[in-house]
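Keep the 3D view open as you read.

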Amino acid sequence: MAASATTPIELVRDAYARFDARIDVARTRLGRPLTLAEKILIAHLDDPAADFERGVTYNDLRPDRVAMQDATAQMALLQFMTAGLDAVAVPSTVHCDHLIQAKENGKVDLLAAEQSNAEVYDFLESVSARYDIGFWGPGSGIIHQVVLEQYAFPGAMMVGTDSHTPNAGGLGMVAIGVGGADAVDVMTGFPFNVRWPKLIGVHLTGELNGWSAPKDVILKVAEILTVKGGTGAIVEYFGTGANSISCTGKATICNMGAEIGATTSVFGYDDAMARYLTATGREEIADAATHIAHHLRADDAVLADPVQFYDQVIEIDLSTLRPHINGPHTPDLAREVSQLGDEAREQGWPLEISSALVGSCTNSSYEDITRAASILRFAADNGLSVKVPLMITPGSEQVRATIERDDLLGTFEAAGATVLANACGPCIGQWSRPAEDNDHPNTIVTSYNRNFPKRNDGSVNTLAFVTSPETVVALALAGTLDFDPLADTLTNAAGEQVRLPEPVGEELPSLGFTPGENTFVAPPVDRAAVEVKVSPTSDRLQLLEPFAPWDGEDYLDLPILVKAKGKCTTDHISMAGPWLKYRGHLENISGNLFLGAINAFTGEAGQGKDQLDGTTKSYPDIAKHYHEAGQPWVAVGDENWGEGSSREHAAMEPRFRGAKAIIVRSFARIHEANLKKQGVLALTFAEPEVYDVIGEDDRISILGLANLEPGVPVECLLTKPDGTTLTFLGNQTMSPEHIEWFRAGSALNIIRARTA
Ligand code: MIC
Ligand code: SF4
């Protein structure tokens with residue numbers, strides 16, 4: 001099948017043809033009604049008769065498509081290439097969005113990126129052409145917006161090499177963020193293996209009003225569930241309130257479900273989705289979906305008594321939900337905007353805002369931009385002006401061209417805003433910010449989704465707060481965190497007190513969308529003639545060597561490279577920003593390994609004691625030393641290790657440098673899967689207190705590996721420098737297949753053996 005710029009209706013019809021038989025059979029077999037997520041998963045089971053149990057069984061699924069962004073596609077496709085196939089087995093796309101640095105403005109920055117990333121873009125374009133993958137070049141937009149606009153459809157299933165892939169849940173799709181190795185499974189024609197998720201239902205009643213926006217729904221959910229509350233679960237939204245939210249608003253909510261660790265989030269098919277499909281030129285898909293609408297939402301009996309069918313139900317009344325803002329440093333630290341001023345004063349967070357940023361894959365829809373622009377227009381008419389640098393990132397070329405045509409970008413520019421490229425930019429540390437702006441504690445507000453330290457401009461001094469685009473704009477007009485747009489007034493140029501009106505938006509452009517520049521490149525007819533170039537001297541791309549299989553021995557007396565304290569997200573393990581340029585070069589990117597991790601013994605970031613020579617070094621240097629000395633090691637950590645991104649570099653770097661096991665209190669889902677894929681043991685302390693007794697100079701042995709069995713804890717032995725020992729158990733969640741990956745050295749080694 002040739003890769004196309006949008007999902008062909010035939011593919012949708014084929015997918016829907018499976019629904020009737022499969023869903024009815026499953027309902028009868030289980031003897032109960034089904035939720036929406038269950039229906040979609042059942043329709044995509046590799047073996048329709050397979051048994052599944054929530055939170056217990058691992059099941060094989062057949063996603064309809066794969067999407068990859070440039071920062072993760074490189075490693076995914078370097079792995080795919082080693083399988084020796086002629087083409088991808090399912091429709092797949094690559095999106096160039098993460099590697100564009102924000103400095104001047106969209107146009108200038110795009111040109112600069114095309115030059116500085118030429119080698120990587122050429123590689124991605126040629127590898128896409130060679131293996132029948134659709135290629136969206138730099139400037140086309142952020143992966144999740146483009147997928148929503150072109151590829152997502154209700155009831156479909158996809159995997160994407162980015163944690164915010166669930167964005168497509170706003171269009172009723174089960175869209176799961178994965179590491180590159182999982183994407184390689186699907187692209188090589190193997191099923192996607194995942195633990196059957198638990199189900200969290202969010203019952204929405206009432207209707208959003210005034211300053212409250214879809215963003216506030218997910219900020220509230222994150223506050224309730226915390227950053228790990230969604231782990232292993234699909235979050236399903238339903239209720240009359242759900243129907244009142246636009247399709248792109250739903251996408252915002254699903255997008256940020258990544259922040260609570262959810263496998264994905266999804267809304268049932270409704271009129272808002274039909275309107276969005278129609279506005280984006282996909283009426284045929286809307287018609288097909290309407291035809292099977294009963295399969296594209298939970299059964300009525302589920303909706304009538306949700307508590308009986310979901311593992312947990314959360315109730316949110318949209319009518320009383322007030323604008324929220326979260327941060328700094330963690331996406332679950334939310335409160336109402338009205339309370340932030342006092343809290344910031346108590347905590348000593350700078351009240352003065354240093355920059356305000358609107359857009360990203362999370363919040364750059366037509367509706368978002370019209371609501372934010374309505375406030376700016378009022379401000380201009382009433383003598384108010386923005387007090388801090390304001391930046392706007394359109395999510396896609398289609399959104400950019402449409403908001404340009406409708407003079408919304410003009411409104412932003414008239415307010416002094418900088419229009420950045422249709423790309424991730426400051427959301428992923430690709431922000432060339434003047435040093436004088438962040439060499440001291442400073443506060444920024446964004447409509448993005450993440451706010452980990454150093455996330456936006458690489459500076460620990462920057463505290464990021466996340467809120468809706470309209471609230472970002474209101475705060476930019478106030479210049480301070482201590483402003484509640486619902487209650488407070490601003491002083492205008494004439495010295496008068498002015499209250500901002502409620503934002504007004506348009507769900508969809510009345511003139512329709514305009515596509516802007518065409519940035520899609522379809523694979524050529526003669527794919528075999530395409531040469532994929534990777535220079536052996538490149539510092540940005542490196543062909544992969546297979547990892548060695550397990551040697552059949554237990555791991556004895558391993559030093560602890562790092563015992564991390566507190567949050568250890570994938571940004572702490574493998575930082576983005578300036579390191580994004582090495583995403584296709586495993587050896588070079590390993591230079592960032594654990595640079596952000598906080599040493600539990602010293603409280604310092606990124607450095608520890610080299611057990612081979614007793615000196616203090618950066619973690620990547622210690623890892624390199626151990627690797628070169630043939631000294632395997634372990635890493636130890638706390639709760640929700642690997643939270644955040646899907647980047648498999650956070651698993652491949654430790655693997656490459658000789659990590660045998662990562663032992664922590666708990667894992668984030670994607671990262672745990674990435675470790676398993678690469679043949680690293682992912683263990684959790686059966687007794688969490690063991691974490692506390694682990695000392696800097698201790699050694700850890702991992703025993704009984706020849707008898708590894710699914711789900712059976714692994715025996716570990718901690719040896720203190722004085723020779724005293726402590727035996728403890730490391731829980732693991734390996735299926736028989738995961739054990740095969742471990743023995744083979746990686747999941748990819750098994751694929752290679754099968755496709756050879
Ligand atoms: C992110 O938002 O953290 C990223 C950058 O999009 C990552 C992917 C990456 O690290 O390349 C993600 O969310 O998976
Ligand atoms: Fe890009 Fe930020 Fe979205 Fe990740 S969260 S895809 S970095 S815009």
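A cavity here is a set of grid points where a 1.4 Å probe fits but cannot get out, while a pocket is an open set of points. Bear in mind that what you're looking at is a predicted model. With that in hand, start on the inside: the structure holds nine cavities of 30 Å³ or more.

The largest cavity has a volume of about 220 Å³. It has 22 lining residues, and to find its centre you can look for His98, Asp162, His164, Ile428 and Arg455, which are the closest to it. What kinds of residues make up the lining of the largest cavity, by class? There are 10 polar residues, along with seven nonpolar and five charged ones.

Next comes the second largest cavity, at about 140 Å³. Its lining is made of 16 residues, and the ones nearest the centre are Ala258, Gly261, Gly644, Ala668 and Ile670. Sorted by class, the lining of this second largest cavity has eight polar, six nonpolar and two charged residues.

Now for the open spaces. The largest pocket has a volume of about 660 Å³. Helix 26 provides the largest share, with five residues. By class, the lining of the largest pocket counts 13 nonpolar, 13 polar and 10 charged residues.

The second largest pocket comes in at about 460 Å³. It's lined by 19 residues, and if you want to land at its centre, head for Gly106, Lys107, Glu397, Arg400 and Asn422, which lie nearest. Three helices each supply at least two residues of this lining: helix 5 (106-116), helix 18 (397-405) and helix 19 (408-414). Helix 5 gives the most, with four residues. As for class, the lining of the second largest pocket has seven charged, six nonpolar and six polar residues.

From spaces, let's turn to packing. Two packed helices are described by the angle between their axes and the distance between the axes. Take helix 9 (residues 214-225) and helix 11 (residues 247-255): they pack at an angle of about 25 degrees, with axes 8 Å apart. Angles under 35 degrees count as roughly parallel, so helix 9 is roughly parallel to helix 11. Their crossing is right-handed. Where do the two helices meet? On the helix 9 side you'll find Pro214, Lys215, Val217 and Ile218, facing Gly249, Thr252 and Ile253 of helix 11. By class, that contact of helix 9 with helix 11 has four nonpolar, two polar and one charged residues.

One last pair: the axes of helix 1 (residues 9-17) and helix 13 (residues 283-291) come within 10 Å and cross at roughly 10 degrees. That angle makes helix 1 roughly parallel to helix 13. Helix 1 brings Ile9, Val12, Arg13 and Tyr16 to the contact, and helix 13 brings Glu284, Ile285, Ala288 and Ala289. In class terms, the contact of helix 1 with helix 13 has six nonpolar and two charged residues, and no polar ones.

Note on methods:
Residues are numbered from 1 along each chain as its sequence is written. Chains are lettered from A and ligands numbered from 1 in the order in which they are written. This is a predicted model: local features need pLDDT of at least 70, side-chain atom pairs count only at pLDDT 80 or more; totals for chains, interfaces and linings use all residues. Side-chain values use heavy atoms; hydrogens and water are left out. On a 1 Å grid over the protein atoms alone, a cavity is a set of points where a 1.4 Å probe fits but cannot get out, and a pocket is an open set with protein on both sides within 12 Å along at least five of seven lines; lining residues have an atom within 4 Å of a point. Grid points are joined across faces, edges and corners, and a volume is the space filled by probe spheres set on the points. Ala, Val, Leu, Ile, Met, Phe, Trp, Tyr, Cys and Pro count as nonpolar, Asp, Glu, Lys and Arg as charged, and the others, Gly among them, as polar. Axes are lines fitted to C-alpha atoms, for helices over the stretch in contact, and angles run from 0 to 180 degrees between N-to-C directions. Angles under 35 degrees count as roughly parallel, over 145 as roughly antiparallel, 65 to 115 as roughly perpendicular and the rest as oblique. A crossing is left-handed if the near helix is turned anticlockwise from the far one by less than a right angle, and right-handed if clockwise. Contact means heavy atoms within 4.5 Å.
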